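I want to jot down what I looked up here, one entry at a time.

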Number of protein chains: 2
Amino acid sequence: MTALYDQELMTPAKLESALRAIGAERYHHRHPFHQLMHEGKLTHPQLQAWALNRYYYQSIIPIKDAIILSRAEDPAFRRAWRKRIIDHDGDGTRPGGIEKWIQLALATGLDREEVVSEKGILPGTRYAVNAYLDLVSKRTFLEAVASSLTEIFSRDLIALRIDRLRQHYPWLSGGLAYFEARLTQAPEDARFALAWVTEHARTRAEQGLALGALRAKCDILWAQLDALHFAYVEPGWPPPGAFRQPGENPVA
Amino acid sequence: MTALYDQELMTPAKLESALRAIGAERYHHRHPFHQLMHEGKLTHPQLQAWALNRYYYQSIIPIKDAIILSRAEDPAFRRAWRKRIIDHDGDGTRPGGIEKWIQLALATGLDREEVVSEKGILPGTRYAVNAYLDLVSKRTFLEAVASSLTEIFSRDLIALRIDRLRQHYPWLSGGLAYFEARLTQAPEDARFALAWVTEHARTRAEQGLALGALRAKCDILWAQLDALHFAYVEPGWPPPGAFRQPGENPVA
């Protein structure tokens, strides 16, 4: 790794491999919560807690992309990026990603109202997700775009997840349309963003910013699973007001 | 509780008791991490992790108060509130709260550079603390002020903590100046803010905002301890890049 972080300008190929190395180390495919999910070891209420909390993340994605759109000065960039908003919000006839995520949550047995009210989500989820909005609002435009590059890694994780959810939780099979759509959307989006970042990170300092933004985004995804894991898997405790598993008592 | 949340305007005394009820339910004196601390059951590295992470919270307090100051239209309010910034940043001759917190961290055996660099703090700490800046920046001014009302509850917690840290961790005794100062500062600050909030929350809706802001602030404090507890006490794992206890391995 050290060689990647010295002060010399990297070639686009070298920058790409430095970005990929961050995914290998820090992307949330390595998080034990996902590992338990893929081994079929999460309980039904734990999957509900996951669907409920992750809804909050899904719900801000078009807002995040609209912030990026609002900061983009190049019409060609905006034309390419706006696809993401349509993918998530839908076109008014076909459901977008947010509605598909609601379908997944319904397949776990949650009520639509319970999900979209965003009550019962963990404060830790809220803070981590809001940190993503903060990042794309306040850091440089390059960093805002680079923070999307976790999509480079998402196809493999989603393909595995579809397979394992079908295997271990067949009652969820009707709710997987979100992931099926992402199998093609994420690689398209990642290709565009990766090409843009490698082209526009023109100094070693800018390349460092792009790498840092991807690391920060990995932290944001990881922290969401930490919050879930601690509240619902390890003998932790959801804070007052959060979703509870049946039979679970508040901290005494 | 229900009676406190109906739609009728509360008297100042009733609003105060509704605010105090939130503290009884949600303030972080009830958090198991603090309970372990007060029972002397935290290890030395766990106390280091606490001092290191909580430093990030301390470091933003004067920024938080400057945001409130920047939103205050009444010179008398600003004169009262600016005391907080001096308390934390010092007057240039006597150390303020941030420097005193560094002294506490040094007493746990951390390096000053390690502390003030803010490297090694948990992403969960960073997100929760930044949520406090977000609250005082974006919500109504009344909510920004009301979010400080956790200070109503802090004197009792600090008095207990000083006693128990001296008892269980006598090697920390030289580092307790921060808490000693807060024993008098916090109640002064709380008295002013409580009087201001009960006077300025003039409709039931505004009283509801004040109660909600205090609840949100309790969540922010609680989530910081959840992050610590999960990473360093329960069999969790600090994320890549965070402070590690000796002998602790990253997630495989």
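The axes are lines fitted to C-alpha atoms, for helices over the stretch in contact, and angles run from 0 to 180 degrees between N-to-C directions. Helices here are DSSP runs (H or I, at least four residues; strands are E, at least two), numbered from the N terminus.

Before going on, I noted the ground rules. This is a predicted model, where local features need pLDDT of at least 70 and side-chain atom pairs count only at pLDDT 80 or more, while totals for chains, interfaces and linings use all residues. Residues are numbered from 1 along each chain as its sequence is written, and chains are lettered from A and ligands numbered from 1 in the order in which they are written.

Which residues of helix 3 of chain B meet helix 5 of chain B? I found A51(B), L52(B), Y55(B), Q58(B) and S59(B) on the helix 3 side, against G97(B), I98(B), W101(B), L104(B) and A105(B) in helix 5 of chain B. Contact means C-beta atoms, placed from the backbone, within 7 Å. I sorted the residues of this contact into seven nonpolar, three polar and no charged (nonpolar is Ala, Val, Leu, Ile, Met, Phe, Trp, Tyr, Cys and Pro; charged is Asp, Glu, Lys and Arg; the others, Gly among them, are polar).

Next I checked helix 3 (residues 44-71) of chain B against helix 7 (residues 123-138) of chain B: the angle is about 10 degrees, with the axes 10 Å apart. That pair is therefore roughly parallel. The contact includes Y56(B) and I60(B) from helix 3 of chain B, and V129(B) and L133(B) from helix 7 of chain B. I counted 10 nonpolar, three polar and two charged residues in it.

**Over to chain A**

How many helices and strands does chain A have? I got 11 helices and zero strands. Its radius of gyration, taken over C-alpha atoms, is 18 Å, close to the 18 Å the globule rule gives for 252 residues, so chain A is as compact as a globular protein of that length (the rule is 2.2 Å times the number of residues to the power 0.38).

Last, confidence: chain A averages a pLDDT of 91 (the predictor's confidence in each residue, from 0 to 100). The model scores ipTM 0.74 and pTM 0.84.

Note on methods
Parallel < 35°, antiparallel > 145°, perpendicular 65-115°, else oblique. Contact = placed C-beta atoms within 7 Å.
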